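Trainee: I would like to learn how to read the packing and the charged pairs of a protein model. Could we take one case and go through it feature by feature?

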Amino acid sequence: MKILLAEDQTMVRTALASLLRLESDYHVDEALDGVDAQKKLQECDYNVLLSDIEMPNLSGLELVQWAQQKQPNLRSVIITTFNRAGYIRRAIDSGVRGFLLKDAPINELITSLQRVCMGEQVISNELLLQALGERDPLTEKERKALRLASQGLTTQAIAEQLFIAPGTARNYLSESINKLHASNRTEAARIAHQKGWL
């Protein structure tokens, strides 16, 4: 099985890759983040993309969405510390075949990867129930604007990053604040992050 592991935390990535390489039929390449993973996916063929969610420049969910468009046969598995309902829902909607928590035993990860390669979807019932519990109210445009706001960018800078008018950026932020019942963009970003919607 040829696996691409995308994880920005060096210690976690190297430890996980070393454990997976103990399996004699596993070949594991490492990507430093989502952008590095995109480059490696364009250079080589893999059976499985195993990705963290929270990475700089390109999140694991954005990477999976990109990979599904470019390589529909690639099986994607998310491994994360966070069991946020929003993350799980968005991962399922993005077409991931597995969603695992980092505190799971390594044997569970290996078994899950094998099941995913056989065509199964591996997401625990408990996590699925969480994902069904709450609907993500944000549109993709509102999510991008709010994510940039959470990084401290001004409305003008957000508009420039998204190639839209400042008034449009302001509208996206206002809609996000209203939908999340927040008092300002900072609070809205905090709520969205906690829910896994950002």
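This is a predicted model: local features need pLDDT of at least 70, side-chain atom pairs count only at pLDDT 80 or more; totals for chains, interfaces and linings use all residues.

Mentor: What you see is a protein with ten helices and six strands, whose C-alpha atoms fill a box of roughly 55 × 35 × 30 Å along the principal axes.

Trainee: Let us turn to a helix. Which residues of helix α3 are buried, and what covers them?

Mentor: Helix α3 spans residues 60–70, and its buried residues are Gly-60, Leu-61, Leu-63, Val-64, Trp-66 and Ala-67. Their cover includes the strands β1 (2–6), β3 (48–51) and β4 (75–80), together with the helices α2 (34–43) and α4 (85–94).

Trainee: How are two packed helices described?

Mentor: One gives the angle between the axes of the two packed helices and the distance between those axes. In this structure the axes of α3 and α4 come within 9 Å and cross at roughly 10°, which makes α3 roughly parallel to α4. The contact of α3 with α4 involves four nonpolar, three polar and one charged residue: on the α3 side are Leu-61, Val-64, Gln-65 and Gln-68, which meet Tyr-87, Arg-90, Ala-91 and Ser-94 in α4.

Trainee: How should I read the charged pairs, and how many salt bridges does a search of the whole structure find?

Mentor: Side chains of opposite charge can pair when their charged atoms come close. The search of the whole structure finds 13 salt bridges. In one of them, the side chains of Lys-102 and Asp-52 meet with 3.5 Å from N to O. This pair links distant parts of the chain, 50 residues apart, with Lys-102 in the loop between β5 (98–101) and α5 (106–117) and Asp-52 in the loop between β3 and α3. Lys-102 counts as partly exposed at 27% relative accessibility, whereas Asp-52, at 4%, counts as buried.

Trainee: What about pairs within a helix?

Mentor: An α-helix has 3.6 residues a turn, so residues three or four places apart point the same way. Asp-93 and Arg-89 are about one helical turn apart because they are separated by four residues in helix α4, and they form a salt bridge whose closest N and O atoms are 3.0 Å apart. Asp-93 counts as exposed at 56% relative accessibility, and Arg-89 as partly exposed at 24%.

Trainee: Where do Arg-143 and Glu-140 lie, and is Arg-143 buried or exposed?

Mentor: Both lie in helix α7 (residues 140–150), three residues apart, about one turn of the helix, and their side chains meet in a salt bridge at 3.0 Å, N to O. Arg-143 counts as buried, at 3% relative accessibility, while Glu-140 counts as partly exposed at 40%. Elsewhere, salt bridges that share partners join Glu-7, Asp-52 and Lys-102 into one network.

Trainee: Finally, which residues does Ser-112 touch, not counting residues up to four places away in sequence?

Mentor: With that exclusion, Ser-112 touches Leu-100 and Val-122. Its place is in helix α5, and at 6% relative accessibility Ser-112 counts as buried.

Key
Residues are numbered from 1 along each chain as its sequence is written. Side-chain values use heavy atoms; hydrogens and water are left out. Buried means under 20% relative accessible area, exposed over 50%, partly exposed in between (1.4 Å probe, protein chains only). Helices (H or I, at least four residues) and strands (E, at least two) are DSSP runs, numbered from the N terminus. Contact means heavy atoms within 4.5 Å. Axes are lines fitted to C-alpha atoms, for helices over the stretch in contact, and angles run from 0 to 180 degrees between N-to-C directions. Angles under 35 degrees count as roughly parallel, over 145 as roughly antiparallel, 65 to 115 as roughly perpendicular and the rest as oblique. Ala, Val, Leu, Ile, Met, Phe, Trp, Tyr, Cys and Pro count as nonpolar, Asp, Glu, Lys and Arg as charged, and the others, Gly among them, as polar. A salt bridge is a side-chain nitrogen of Lys or Arg within 4 Å of a carboxyl oxygen of Asp or Glu.
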